[in-house]
Amino acid sequence: VFLRDKLSASGAGSPEILRVSRHGKVEAMAALAEIVRHTLRIGRAKEELCAVETAGFVEANWRTTRLFQTVNHPDVPLLLYMAQGLLEHLGLPRLSEEACSGFTFGYEGFELPIHPRVAAFFDLPFAGEGTEYPVFGRMMTFDQYVSRYIDCRMNNLENDFLAYLQLV
């Protein structure tokens, strides 16, 4: 975000900002591996008083399965893991495979797109170059999402970004 702000302030237009956002070396701009380690450490520290521990599940599965729809909003696999753990903790029977397979969840039809370079860096099978994400009733690629973000920022509408996404 900081780089986009600097580019915008220097007079760069949407196409230039998108090109730099998309093709810049994200892995050089952010210590991606350290960010993951730090996030997992925080997750482990938070769960000390929780009935269902999720950090181990997240650590074991985040590279193969999309576990979050947005920052801090779990996706179906993590929700089901938590539900099964809570049922077990309460001494109740686990959900059947049939019940689990019918469970769907949509955070208002929105999944935060993952930068393709981040997906490539971590070799995430559920994200990449052409991956489309549900964004308020439309499927969008990362580039389409970021283009809308840039337009919103350039028009000083960043406080209304989610509303903007629902309209365009």
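These legends describe an overview and two close-up views of a predicted model.

View 1. Helices (H or I, at least four residues) and strands (E, at least two) are DSSP runs, numbered from the N terminus. Along the sequence the order is α-α-α-α-α-β-β-α-α-α-β-β-α-α. Of the 168 residues, 35% are buried, meaning under 20% relative accessible area (1.4 Å probe, protein chains only). The protein exposes about 10500 Å², by the Shrake-Rupley method with a 1.4 Å probe. Carbon and sulfur atoms supply 58% of that area.

**View 2. A nonpolar surface patch of Leu-86, Leu-90 and Leu-92.** The patch covers about 280 Å². Patch residues have over 30% relative accessible area and no salt bridge, and nonpolar side chains (Val, Leu, Ile, Met, Phe, Trp, Tyr) are joined within 5 Å. A salt bridge is a side-chain nitrogen of Lys or Arg within 4 Å of a carboxyl oxygen of Asp or Glu. Leu-90 sits in the loop between α6 (76–89) and α7 (97–101). Leu-90 is exposed, at 55% relative accessible area; exposed means over 50%.

**View 3. Gln-84 in helix α6.** Gln-84 is buried, with a relative accessible area of 8%. Leaving out residues up to four places away in sequence, Gln-84 touches Arg-94, Leu-95 and Cys-100. Contact means heavy atoms within 4.5 Å.

**Notes.** Residues are numbered from 1 along each chain as its sequence is written, and side-chain values use heavy atoms, without hydrogens and water. In this predicted model, local features need pLDDT of at least 70 and side-chain atom pairs count only at pLDDT 80 or more, while totals for chains, interfaces and linings use all residues.

Key: Patch = residues over 30% accessible without salt bridge, like charges linked within 9 Å, V, L, I, M, F, W, Y side chains within 5 Å.
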